[in-house]
Amino acid sequence: ASTKFDSNAGWSSDGAGSIIQSWMWKRHAGFDVVTYSGNGATGHVIPHNLSKPSEMMWIRRRDSNEDIEVYHKGLNGGTNPQNYGLKLNTQAAQHTSGADRWDAPTATSITVNTDNGTNNSSGTYIAMLFASVEGISKVGSYSGSSSDITINLGFQPRFIVVRSYNQSGSWQVMDTLRGMGAGNDKRMYFNSNGANETGDYVTSISSTGITLKTGYTFSNSSGYEYIYYAHA
């Protein structure tokens with residue numbers, strides 16, 4: 001039977017079987033959702049309830065076809081990341097038009113500017129805001145290597161999103177429910193409707209982090225710079 005789509009307990013629909021996969025986040029100290037109407041002007045301030053600056057933002061226009069705009073504190077190596085951006089629905093590398101989309105987030109608000117993807121005068125939007133919480137979630141970045149890399153998260157991850165930002169690539173998504181860290185890892189992509197891919201992407205998972213195997217451009221390859229979001 002169907003369950004309510006926006007329930008934090010989960011969702012489903014008649015006929016949806018085990019081939020359907022989704023992820024939902026419950027509002028907490030590291031995640032907030034706000035909706036707003038655009039005004040087309042620079043400096044449109046939208047309050048939020050994180051009580052800390054958002055370290056990653058996904059902004060989606062609801063009334064028209066626009067790319068899903070992504071801010072992440074690790075873009076451009078963490079130097080003026082608000083001047084850059086990615087798109088959740090494409091493989092394109094970071095662009096340099098972030099200032100058209102937003103200002104640097106603050107502990108009480110986000111500020112959007114004039115781009116149609118974030119603040120068209122007749123647009124309506126939803127913004128998903130992420131921040132790190134000790135022991136629960138982590139927003140961060142790392143450089144790819146020709147060796148396996150261990151990312152210290154401070155907790156044992158059950159879910160992780162990884163994306164190269166300096167080169168084109170997919171938004172890789174892995175979790176322990178489907179399989180992660182046992183040599184038979186399952187990954188899918190936010191920007192694709194393809195099925196699971198299976199491989200040895202994660203060398204190991206520990207109580208403090210995750211080790212990513214080298215040689216995979218979507219998660220650990222020399223010359224690639226990456227951003228991630230992980231959750232316990």
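Which residue forms a salt bridge with Arg 61, and how far apart are the closest N and O atoms of the pair?

Reply: A word of caution comes first: this is a predicted model, and what follows should be read with that in mind. The partner of Arg 61 is Asp 63, and the closest N and O atoms of this salt bridge are 2.8 Å apart.

Another salt bridge joins Arg 187 to Glu 197, and here the closest N and O atoms are 3.1 Å apart. Since Arg 187 belongs to strand β12 and Glu 197 to strand β13, the pair ties together parts that are ten residues apart in sequence. Once again an arginine is the buried member, for Arg 187 has a relative accessible area of 8%, while Glu 197, at 34%, is partly exposed. Elsewhere, salt bridges that share partners draw Asp 67, Glu 69, Lys 87, Arg 101 and Asp 115 into one network.

In total the structure holds nine salt bridges. One of them links Lys 73 with Glu 55, the closest N and O atoms again lying 2.8 Å apart. Lys 73 sits in the loop between β4 (69–72) and β5 (86–87), and Glu 55 in the loop between β2 (44–47) and β3 (56–61), so this pair ties together parts that are 18 residues apart in sequence.

Strands β12 and β13 belong to an open sheet of six strands, whose order is β8-β16-β10-β11-β12-β13 and whose pairing is antiparallel. Its edges are β8 (137–143) and β13, and because each of these has a single partner strand, one side of each is left without a neighbour in the sheet. From one strand to the next, the twist averages 25°. Within this sheet, β11 (residues 172–175) and β12 pair in the antiparallel sense over two bridges, and the bridge partner of Gln 172 in β12 is Tyr 189. Met 188 is also found in strand β12, where its relative accessible area of 14% makes it buried. Although Met 188 and Gln 172 are 16 residues apart in sequence, their C-alpha atoms are 5.8 Å apart in space.

Between β12 (185–189) and β13 (197–199) runs a loop, and Ser 192 has its place there. At 37% relative accessibility Ser 192 counts as partly exposed, and a polar atom of its side chain lies 3.0 Å from the backbone nitrogen of Gly 194. Ser 192 and Thr 90 are 102 residues apart in sequence, yet they are 8.4 Å apart in space, C-alpha to C-alpha.

There is also an open sheet of three strands, with the order β9-β15-β14 and antiparallel pairing. Its edge strands, β9 (149–152) and β14 (202–205), each pair on one side only, and the twist here averages 20° from one strand to the next. Strand β9 is joined to β15 (residues 209–212) by four bridges, the two strands running antiparallel; in β15, Gly 209 is the bridge partner of Asn 152.

To set these parts in the whole, the protein chain has two helices and 16 strands. Of its 232 residues, 46% are buried. Among contacts in the chain with a separation of 6 or more, residues 24 or more positions apart account for 58%. The chain exposes about 10600 Å², of which carbon and sulfur atoms supply 46%.

Definitions and conventions
Residues are numbered from 1 along each chain as its sequence is written. This is a predicted model: local features need pLDDT of at least 70, side-chain atom pairs count only at pLDDT 80 or more; totals for chains, interfaces and linings use all residues. Side-chain values use heavy atoms; hydrogens and water are left out. Buried means under 20% relative accessible area, exposed over 50%, partly exposed in between (1.4 Å probe, protein chains only). A polar contact is a pair of N or O atoms within 3.5 Å; within protein, one must be able to donate a hydrogen and the other to accept it, and residues adjacent in sequence count only if both atoms are side-chain atoms. A salt bridge is a side-chain nitrogen of Lys or Arg within 4 Å of a carboxyl oxygen of Asp or Glu. Two strands pair if DSSP finds at least two bridges between them. Axes are lines fitted to C-alpha atoms, for helices over the stretch in contact, and angles run from 0 to 180 degrees between N-to-C directions. Contact means heavy atoms within 4.5 Å. Accessible areas come from the Shrake-Rupley method with a 1.4 Å probe; for residues, only the protein chains shown count as cover.
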